[in-house]
Amino acid sequence: MRQGRADEYAEFAVARAGQLYRSACLLTAGDTHLAEDLVQETFGRLYVRWGRVSRVGNPAGYAQTVLTRTFLAHQRRRSSRERATDVFPDAPGSGDGDASLRLTLLDALARLPAKDRAVVVLRYWEDRSVEETADVMNVSSAAVRTRSSRALGRLRELLGEDLAEYARP
């Protein structure tokens with residue numbers, strides 16, 4: 001890779017790392033180690049194709065697509081030895097919110113199937129349209145609407161009908 005492109009890639013990676021990490025944390029329902037791995041793999045894939053990616057009109061969107069597809073591929077090939085747990089490791093609080101609320105929401109996200117979780121994160125965290133979400137996940141718009149409805153229904157079951165108490169004013 002030429003030095004100019006390498007510098008451009010490094011600048012992009014530094015600028016987008018935080019946002020990709022936050023999205024990965026939501027996709028993995030709080031598994032920070034897996035989130036770091038997913039972001040690292042995403043950046044590796046972007047680096048290999050940076051010549052083409054840098055010419056795309058929206059490299060940040062492309063990076064988000066790669067992250068989501070990397071997450072879904074990881075979920076498909078998960079080892080049978082791995083077991084999900086509802087016990088979160090002690091982590092220092094960020095100080096900018098209610099830690100118990102964050103853990104409650106992450107626990108509820110963790111209980112969703114991977115594809116439903118991806119739809120919720122893309123639609124409601126990333127604020128993407130149904131069509132954009134369908135394109136990222138490589139499914140139809142109808143599948144996104146169905147998964148979105150199913151996931152929100154499941155979250156209502158887990159969190160209670162009054163979701164307003166979880167929303168910030």
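Where does serine 23 have its place? Serine 23 sits in helix α1, and a few notes on that residue and others follow.

1. Ground rules. This is a predicted model, in which local features need pLDDT of at least 70 and side-chain atom pairs count only at pLDDT 80 or more, while totals for chains, interfaces and linings use all residues. Residues are numbered from 1 along each chain as its sequence is written, and side-chain values use heavy atoms, with hydrogens and water left out.

2. Overall make-up. The chain has 8 helices and 0 strands, where helices (H or I, at least four residues) and strands (E, at least two) are DSSP runs numbered from the N terminus. Read from the N terminus, the order is α-α-α-α-α-α-α-α. Of the 169 residues in the chain, 37% are buried; buried means under 20% relative accessible area, exposed over 50%, and partly exposed in between, with a 1.4 Å probe and protein chains only. Among contacts with a separation of 6 or more, 66% are between residues 24 or more positions apart, a contact being heavy atoms within 4.5 Å. The chain exposes about 10,300 Å², and carbon and sulfur atoms supply 50% of that area; accessible areas come from the Shrake-Rupley method with a 1.4 Å probe, and for residues only the protein chains shown count as cover.

3. Back to serine 23. This residue is buried, with a relative accessible area of 0%. Its side chain is joined to that of glutamate 126 by a polar contact of 2.2 Å. Such a contact is a pair of N or O atoms within 3.5 Å; within protein, one must be able to donate a hydrogen and the other to accept it, and residues adjacent in sequence count only if both atoms are side-chain atoms. Leaving aside neighbours within four places in sequence, serine 23 is in contact with Gln64, Leu67, Val121, Trp125 and Glu126.

4. Aromatic pairs. The structure holds 3 aromatic pairs. Why is the pair of tyrosine 9 and tyrosine 47 called edge-to-face? Their ring centres are 5.1 Å apart and their planes stand at 75°, so the pair is edge-to-face. The pair links distant parts of the chain, with tyrosine 9 in helix α1 (residues 3-27) and tyrosine 47 in helix α2 (residues 32-48), 38 residues apart. As for the cut-offs, rings of Phe, Tyr and Trp (its six-membered ring) pair if their centres lie within 6.5 Å; planes under 30 degrees apart count as stacked, over 60 as edge-to-face and the rest as tilted.

5. Tyrosine 9 is buried at 11% relative accessible area, whereas tyrosine 47 is partly exposed at 39%. Tyrosine 9 also forms an edge-to-face pair with tryptophan 50, at 5.5 Å centre to centre and 75° between the planes. This pair again links distant parts of the chain: tyrosine 9 is in helix α1 and tryptophan 50 in helix α3 (residues 50-53), 41 residues apart. Tyr9, Phe12, Tyr47 and Trp50 form one aromatic cluster.

6. Helix α7. Which residues are buried in helix α7 (residues 130-137)? They are Val130, Thr133, Ala134, Val136 and Met137. Seen down the axis of α7, these buried residues fall within an arc of 165°, so they line one face of the helix; the arc is that of the directions from the helix axis to the C-beta atoms. Glu131 and Asp135, on the other side of α7, are exposed. The cover over the buried residues includes α4 (59-76), α6 (114-125) and α8 (141-159).

7. Valine 130 in α7 is buried, with a relative accessible area of 14%. Not counting residues up to four places away in sequence, valine 130 touches Arg123, Ser141, Val144 and Arg145. Serine 148, in helix α8, is buried at 6%.

8. Two positive phi values. Alanine 29, in the loop between α1 and α2, has a positive phi of about 55° although it is not a glycine. Asparagine 138, in the loop between α7 and α8, likewise is not a glycine and has a positive phi of about 65°. Is each buried or exposed? Alanine 29 counts as buried at 6% relative accessibility, while asparagine 138 is exposed at 63%.
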